[in-house]
Amino acid sequence: MSSPTADPPAASLSPGSRLPPHTALDSLSLSSLLSGDLDDEGDGGRGGEGGEEDGLGDLEVNPYDGLPFSSRYYSLLEERRKFPVWRLRQSLLEHLESHNMVLLSAASGAGKSTQVPQWCAEFALSYEFSQGLVCCSQPYSVAAVSLALRVADEMDLSLGLEVGYRVSHDDSCTPDTMLRFVSDTLLLEEMMSDPLLHQYGVVVLDELQERTVPTDVLLGLLCDVCRQRPDNFRVVLLTHPTLAPRLSAFLGPSVPHLSLDSAPPSNEDEEGGEEEEDRRPVEVNRVETLYRELSAGKEPVSAACHMVLDLHRRGEEGDLMVFLASAQEAEECVSLLEKECVALSPQLGALRTIPLHAGLGGQIQRVYEADPFTLRENDLEASAMGAGGPPGVRRKVFLTDTLAEASFSLPAIRYVIDTGLQLKTVYNPQIRANSQVLRTISKHQANMRTQRVNSHLPGLCLRLYPPSLYEEGMGEAHCPGVMEENLSHLVLLLKRLDIADMGQCKFLDRPAPEALMQALEDLDYLAALDDDGNLSEVGIIMSELPLEPSLAKALIAACEYDCVDELLTIAAMLTAPSCFVTADPSREEAAVTHWRPLMHTEGDHMTLINVYKAFIEHNQDEAWCTTNFLSPAALRLAVVIRAELLEVMQRIELPVSPPAFGCQDNCTNIKRALISGFFLKVAHDVDGSGNYLLLTHRHVAHLHPFSSYLCRQPRPDPPSWVLYHEFTISRDNCIRIASEVHPQMLVELTPQYYLGNLPSSDGKELLMELRQSLEPPSYEQDGESDAQSRTHRDAGETSTELCVVQ
């Protein structure tokens, strides 16, 4: 390994200094100082004959914490210099001096996500961070945490001090953390209270090709911030080359575009020789792509599993990465490999399976474990090796979904198996419901998956679909999130930003008009908007709560009905992942037997309160959770979310009632609060046998098999009317988390013009008749226009208290 030609970039500036005072440097640019190109002049090099005094002068100190660099820093620096993106370092620093915004494109694995934030920190350090801190936004929370850990290690700093991360329900930052990795969702929420992001001097928006809703919105908003802070704000946009031409056209010619194709070779490239060339990520032309069409009836999961075993039997070194449609399929593939590896020859060596998806949380860091003997519970040992037998090939198999297409660059990946599928959740605004859609990936995604090969040996990408599908059946790029997701929460945030005088947001792709109209209509139903379409007082409070709009409205309504303590628990449990562990079919009855004592007669929402209270009463014991088929991680997260929600309510001075769970009046009040937020999610049993017609779009659904109404013994009759939390159009068409409600409550608590807009059904007629019987004679059900109905509602709300929901 050759020695670096320049001193560490971070060490080129001493702590607390902006520019060296020497007069000979007055005409030099800032980027020249940061690059370290001048370090060879006048210092005579390290280890020369300058004597002991010169040796002390060569001691390099980390300018961020004032401590000497460790030996590991220099070892990692050698690795960093080999990243392809390193060639763009000098050019990026030069452009940051003269441009507000810079676009940088590089393929996955080039090092842009770890290196660019560090260079931005160097730029901010040159101004002693007087212009603000450095923030790097990521579309996936697990990627933000992982990058913070890696970058802190490369910078020789402590995680949680100089470098930190901030994602939903987990914050390692202090007020002095100068480099922060945050989720795009939290950065967007941060702009509500600080629209111009005054605490930041540089913002890095990473993985733009993922096209998540928050990232797309941030792209437009940050363009506005650059115009309003032209002198002390910089934005660096990072993307895969596939999106770069479109982004460049969207941003205009004033935003420079840096790419590896136009980058000059760095000094390290010339001096590193063949040894360094072998250690760089493999070039695309060294990856062979093979297509294998699956036979009829062959499941992609089992096909991928058998392909892994076939490659392992070949005995050639190199790890594997398998792309499956969903996190659930990744876990299924792990289970299949466990069973199949029993029959493997003991001469083949150990096969270590590692799932890689967003649902793993902190456990995802196991993908970087280098010790082959540090195995997780489902690691597969073919057999104990004999004393004189061959060791075989120890191999890692990473089972992932779309997460690893751009995030989590891993070394030694020689084989990629691509099923060509992804399971997407698509929101249909016309029926106000999500659909689980299994679809083919795009060409860009297929190419990115191929580029995950990162080995000094020739690589192989095995695509489990015919070439005709790639050529003719795949779109060029995947659909952006703003075209496929529920936009109610986004519209609420943008309305809040309008209050802060942020102007209009530019979109790379405009959301569908019907999706925006449906989002505005839902917010209007929830009384979040006033007559002018701006946020009402209730809407402002809803935007403060980190919850979906319906749940935020229910929590606000709980202030009126004196059940805030209980609604906080329900909101936390609904926001966290499901606490009920999915058991194997052979153990489902055992799981239900353990859940049955926790089930509440009033419905699934009350059952969630019972589960939470039992978890707290057992001191958050993990063994108790395991025994009762409950997820300790989900329940611990619910505890954190509940504490955060309580803190927000206390900060905005909303009344918090004491706990009263257990009495009938309290359960009734809980249902009233839930109806205030979830009246859009009500279903009516049409035949008395559990076939529920959803009032808003006339779909027929069923209660989830593990609902308390179906699991209690003796089993009660199905309720006539239910309020539910979630409905997804899929194979089972189930409504999840359902509780019985009375139609009179619905009539009393829902806006009158909402009932008039429902599609025709027996349930609607029943509700309208009930409303007529409750209204005074002057009420004209069919004669009032929507505008008159809105006026009637608004007049009734003007004299109410802030938390009283009409």
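Colleague: What makes the contact between Arg496 and Glu544 a salt bridge?

Modeller: A salt bridge is a side-chain nitrogen of Lys or Arg within 4 Å of a carboxyl oxygen of Asp or Glu, and the closest N and O atoms of Arg496 and Glu544 are 2.9 Å apart, so the pair meets the definition. This is a predicted model, in which local features need pLDDT of at least 70 and side-chain atom pairs count only at pLDDT 80 or more, while totals for chains, interfaces and linings use all residues. Residues are numbered from 1 along each chain as its sequence is written, and side-chain values use heavy atoms, with hydrogens and water left out.

Colleague: Where in the chain do Arg496 and Glu544 lie?

Modeller: Arg496 belongs to helix α15 (residues 488-499) and Glu544 to helix α17 (residues 537-544), so that the pair links distant parts of the chain, 48 residues apart; helices here are DSSP runs (H or I, at least four residues), numbered from the N terminus, and strands are runs of E with at least two residues.

Colleague: Why is Arg496 called buried, and what is Glu544 called?

Modeller: Buried means under 20% relative accessible area, exposed over 50%, and partly exposed in between (1.4 Å probe, protein chains only). Arg496 has 15% and therefore counts as buried, whereas Glu544, at 23%, counts as partly exposed.

Colleague: How do you know that Asp310 and Arg313 are separated by about one helical turn?

Modeller: Both residues are in helix α11 (residues 300-313) and are three residues apart, which means about one helical turn between them.

Colleague: Why is the pair of Phe69 and Tyr74 called edge-to-face?

Modeller: Rings of Phe, Tyr and Trp (its six-membered ring) pair if their centres lie within 6.5 Å, and planes under 30 degrees apart count as stacked, over 60 as edge-to-face and the rest as tilted. The ring centres of Phe69 and Tyr74 are 6.1 Å apart and the planes stand at 70 degrees, so the pair is edge-to-face. Phe69, Tyr73 and Tyr74 form one aromatic cluster.

Colleague: What makes Arg463 a charge over the ring of Tyr470?

Modeller: A charge sits over a ring if NZ of Lys or CZ of Arg is within 6 Å of the ring centre and within 35 degrees of the ring normal. Arg463 lies over the face of Tyr470, at 4.7 Å from the ring centre, and the charged end of Lys506 likewise sits over the ring of Phe250, 4.8 Å from its centre.
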